[in-house]
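Please look through the sequence and the model shown here before reading on.

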Amino acid sequence: METSSKSTLDVPLYLCNPFLSARLVTGSFKAIIQLPKYTDISEWVAMNLFDFYTNLDLFLGFLLEFCTHESCPTMAAGTNFIYPWIEKNGRSASIPAPTHIDYIMTWISSQLDDQTVFPTRVGVEFPKTFPASAKNVYRQLFHVFAHIYHSHFTILLHARSEGHFNSLFAHFLAFGAQFDLWDQTDLCVGSGSADTKVSVAEIAEKWKEMGYLA
Ligand SMILES: [Zn+2]
């Protein structure tokens, strides 16, 4: 007789080994996230955000084929957790995940291209608002990661890309923690119980236990 308990079956695949620890670097990310000598901190943060954006965009190139209005009518990132899209007038709206992700990636791309927000020319100083802009970009990237883990992890498994994706996300989390880009309020809504938590919060906790994240 089948004895598997329901709770075991309920554990999402991304929290199960070997998938949870697939292709992560040995040890922590401390060395690769450190600010290199003689580098401006804003420049370092901008450079890394650009890399995270570019790498995530490569994954989206094949993932978005499976993220449709039918499969993902909302930007779900947990059992009862949906990221709303905040419109220009400040109102929040629930829109299909592929549209939400498209808005996010288009917005980030425009931010990265804007010399008044992310200056890349030599001699142009970073604006005082840069830390807030960087946090905003980080938060939006986080939402995309969270939706992919929650709704499309099996696609990554089929593509045998879970190792690369885990490495990218762990690097992203470690970097965000080091440079204060990461917002705890993004991990849960309401009571903070398991039901209202974003699914990836558990990945971060497990990776901490395993020593991948500080
Ligand atoms: Zn989706």
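How close do the axes of α3 and α6 come, and at roughly what angle do they cross? The axes of α3 and α6 come within 11 Å and cross at roughly 155 degrees, where axes are lines fitted to C-alpha atoms, for helices over the stretch in contact, and angles run from 0 to 180 degrees between N-to-C directions. That angle makes α3 roughly antiparallel to α6, since angles under 35 degrees count as roughly parallel, over 145 as roughly antiparallel, 65 to 115 as roughly perpendicular and the rest as oblique. The crossing of the two helices is left-handed, a term used if the near helix is turned anticlockwise from the far one by less than a right angle, with right-handed used if it is turned clockwise. At this crossing N48, F52, N55, L56 and F59 of α3 meet F165, L168, F172 and F175 of α6, contact being counted if the C-beta atoms of two residues, placed from the backbone, lie within 7 Å.

## The model and its chain

This is a predicted model, in which local features need pLDDT of at least 70 and side-chain atom pairs count only at pLDDT 80 or more, while totals for chains, interfaces and linings use all residues. Residues are numbered from 1 along each chain as its sequence is written.

The chain has seven helices and four strands, where helices (H or I, at least four residues) and strands (E, at least two) are DSSP runs numbered from the N terminus. Read from the N terminus on, the elements follow the order α-α-α-β-β-β-β-α-α-α-α. Of the 214 residues in the chain, 29% are buried; a residue is buried if 20 or more other C-beta atoms lie within 10 Å of its own, exposed if 12 or fewer, and partly exposed in between, with C-beta atoms placed from the backbone. Among the contacts in the chain with a separation of 6 or more, 74% are accounted for by residues 24 or more positions apart.

## Helices α3 and α6 in detail

Helix α6, residues 162-178, has 17 residues and reaches 24 Å from its first C-alpha to its last, close to the 24 Å expected, the expected span being 1.5 Å times one less than the number of residues. The 23 residues of α3 should span 33 Å, and its end C-alpha atoms are 32 Å apart, which agrees.

In α3 the buried residues are V45, A46, N48, L49, F52, Y53, L56, F59 and L63, and what covers them includes α4, α5 and α6. The buried residues of α6, including F165, F169, F172 and F175, pack against α2 (30-33), α3 (41-63), α5 (130-158) and α7 (200-209).

## Local features of the loops

Most residues other than glycine have a negative phi, and most peptide bonds are trans. Y38, in the loop between α2 and α3, has a positive phi near 65 degrees, and with 5 C-beta neighbours inside 10 Å it counts as exposed. D180, in the loop between α6 and α7, has a positive phi near 60 degrees and is exposed, with 12 other C-beta atoms within 10 Å. A cis peptide bond, with omega about 10 degrees, joins N17 and P18, and P18 is found in the loop between α1 (6-10) and α2.

F66 lies in the loop between α3 and β1 (76-78) and is partly exposed, with 14 other C-beta atoms within 10 Å. F66 and H152 are 86 residues apart in sequence, yet their C-alpha atoms are 7.8 Å apart in space.
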